[in-house]
Amino acid sequence: MAEYAKPRGTADILPDDALEWQFVEKTAQQLFESYQYREIRTPIFEHTEIFERGVGDTTDIVTREMYTFTDRGGRSVTLRPEGTAGVARAFVENRLYGGPLPAKLYYNGPMFRYETPQAGRYRQFYHYGVEVIGTDDPRSDAEVIEVADRLLRTMGIESFGLELNSVGCPVCRADHKVRLLEHLEPVRQDLCTDCQERFEKNPLRILDCKKDGNNPTVLSAPTITDSLCDSCAGHFAAVKMYLDAMAIPYQVVKTMVRGLDYYTQTAFEFVESSIGAQSTILGGGRYNGLIRMLGGPDLPGIGFAGGIERLLLARAAHGLKSAPQNHPDAYVIALGEAAREASVRVLYALRQAGISADADYSGHGLKAQLKAADRVGATFALLIGDDEVKSGTVAVRNMATKEQTSVNETAVVATIAEHTGRQG
RNA sequence: GUGGGCGUGGCGAAGUGGUUAACGCACCGGAUUGUGGCUCCGGCACUCGUGGGUUCGAUCCCCAUCGCUCACCCCA
């Protein structure tokens, strides 16, 4: 039993798993850059008010899920629970609005939320995401959704569904809220305790409550989607038109609400049923008031974030694996004291030449060392014993064919390079 | 925060109220001298998560506690 264990909800990404992570991170980076997004890296912690204001101080994230602490200077800081607020802060603080707009940014990194862990949910988890700040053209909504769609497909995920909705702007949302509450007031007492609370805080959620979702009055309640102002309705129609133009399938889900206050108009989720109850593999939407709320100009924005762990779960569920680990071209085996110095020389020369090489430091017998060479998948085993030391040679053994030749030490690098074609 | 399942050697996994707790994998060593992947032989458990309790006696029974895991809520 290990005496020390990692904190709840965190994970060690071990070398075998890291191969998959590298694949996902590299693939995402290449894709984003081909769409002309540029990377931005922001701090992993921010002043707490960034999230309180940006994400919204009534949201679950802010009210019960943040890792917040007071630093030695007495400031309240918080480990970022999501990426957009920090990017927005950086956009404003560094006056990126003075540059070409829209700014197209992408990021990748750890996020933190104090939640009870379960499949696809962790306290430290990783997001990749993009933000387009400075345009509210519905073509940018469609582009962001298309990037997300392409990303998942590039990762080998094909079985997801795209759920789409518009949650309106502050104007139509306020208008809708009044009508919704009027509609629900008569049955208010009949709703579940969760929904009683949602009544004031977030009435939109009542519409897709699992318990009350079948209540006739709830079912007949006006949805935000059907209550959009002309401007928002037009925007939503245009987004759908552009998605159709790219033949991206989607399903309008009128009850879908996203959990962060900054969302306006377009909201979307990519859902993958193979990864457990937490089936949202990627989510995003438009946030037209956020930049201004954080002290910047009144610029609109849209973006998405996806969870790497959930993507990996989906890949695993579909049996997808990236390339296996690389094996050394040469594995140096020394037998006896006298051979050790020569083995160091040979290993150094190989690496100097850019050849992937490793050596056995076990001091075990030849048999065990050859076994080790086999285990790491070495192409060649280089044997150095008393005989080789005396003659200044190295026995070069092809592990696959078992052919073994004696090569002068000075010619070892050339011999290996020739056979592997990997000389640097 | 709430509920279900689980916690046996590095990993996977049996098991019983009572002398030495299966097995598989991995690992280490050996099967003629300096030669691998197969086979054979051998080796490898100071607390059966932790702390109490019941009992003549508990890894198996009870309580507590910690941890893991799945689900609710919500989200990526």
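I count a residue as buried when its relative accessible area is under 20%, and as exposed when that area is over 50%. I kept that in mind throughout, and I also noted that this is a predicted model.

**Entry 1: helix α11**

I started with helix α11, residues 308-317, and checked how much of the helix is covered. Seven of its ten residues are buried, so α11 is largely enclosed by the rest of the structure. I wrote down the buried ones: Ile 308, Glu 309, Arg 310, Leu 311, Leu 312, Ala 314 and Arg 315.

Next I asked myself: what covers the buried residues of α11? The cover includes two helices I looked up, α1 (15-34) and α5 (138-154). It also includes the strands β5 (103-112), β6 (124-133), β10 (280-286) and β11 (301-307). I then looked at how α11 sits on those strands. The helix lies across β5, β6, β10 and β11, and runs at about 105 degrees to β6. Just past the end of α11 I found Gly 319, which takes a positive phi of about 70 degrees.

**Entry 2: the domains**

I looked up how chain A is divided. Domain 1 takes in 15-169 + 229-317, and domain 2 covers 330-420. How many Å separate the centres of the two domains? I got 51 Å, taken over C-alpha atoms.

**Entry 3: the eight-stranded sheet**

I traced an open sheet of eight strands, and its order reads β1-β5-β6-β11-β10-β9-β7-β8, with mixed pairing. At the edges I found β1 (38-39) and β8 (251-252), each of which pairs on one side only. Strand β7, residues 161-166, runs parallel to β8 and is joined to it by two bridges. Across this pair, Glu 163 stands opposite Gln 251 in β8. A reminder to myself: strands of a sheet pair through backbone hydrogen bonds, either parallel or antiparallel.

**Entry 4: α5 against α9**

I came back to α5, this time to see how it meets helix α9, residues 230-245. The two axes come within 8 Å and cross at roughly 45 degrees. That makes α5 oblique to α9. Which residues make the contact? From α5 I listed Pro 138, Arg 139, Asp 141, Ala 142 and Ile 145. From α9 I listed His 235, Ala 238, Val 239, Tyr 242 and Leu 243. I also checked the handedness, and α5 passes α9 in a right-handed crossing.

I moved on to strands β3 (residues 67-70) and β4 (residues 76-79). They pair in the antiparallel sense over four bridges. I picked out one pair of residues, Phe 69 and its bridge partner in β4, Val 77.

**Entry 5: the five-stranded sheet**

I found an open sheet of five strands too, in the order β13-β12-β14-β15-β16, again with mixed pairing. Its edge strands are β13 (357-359) and β16 (404-408), and each pairs on one side only. On average, neighbouring strands here are turned by 25 degrees against each other, direction ignored.

Within the sheet I looked at β12 (residues 330-334) and β14 (residues 380-384). Five bridges pair them in the parallel sense. Tyr 331 has Ala 381 of β14 as its bridge partner. I then looked for helices on this sheet. Helix α13, residues 366-375, packs on the sheet and touches β12, β14 and β15. The direction of α13 makes about 170 degrees with that of β12. Helix α12, residues 337-352, lies across β12, β13, β14 and β15 (393-398), and it runs at about 170 degrees to β12.

Most residues other than glycine have a negative phi, and most peptide bonds are trans. I went looking for exceptions.

- The peptide bond from Leu 101 to Pro 102 is cis, with omega near 0 degrees. Pro 102 lies in the loop between α4 (84-93) and β5.
- Arg 95 isn't a glycine, yet has a positive phi of about 50 degrees. I placed Arg 95 in the loop between α4 and β5.
- Ala 247 isn't a glycine either, and has a positive phi of about 60 degrees. I placed Ala 247 in the loop between α9 and β8.

Are they buried or exposed? Arg 95 has a relative accessible area of 57%, so I put it down as exposed. Ala 247 is exposed as well, at 62%.

How values were computed
Residues are numbered from 1 along each chain as its sequence is written. Chains are lettered from A and ligands numbered from 1 in the order in which they are written. This is a predicted model: local features need pLDDT of at least 70, side-chain atom pairs count only at pLDDT 80 or more; totals for chains, interfaces and linings use all residues. Side-chain values use heavy atoms; hydrogens and water are left out. Buried means under 20% relative accessible area, exposed over 50%, partly exposed in between (1.4 Å probe, protein chains only). Contact means heavy atoms within 4.5 Å. Domain bounds come from an automatic or database domain assignment. Two strands pair if DSSP finds at least two bridges between them. Axes are lines fitted to C-alpha atoms, for helices over the stretch in contact, and angles run from 0 to 180 degrees between N-to-C directions. Angles under 35 degrees count as roughly parallel, over 145 as roughly antiparallel, 65 to 115 as roughly perpendicular and the rest as oblique. A crossing is left-handed if the near helix is turned anticlockwise from the far one by less than a right angle, and right-handed if clockwise.
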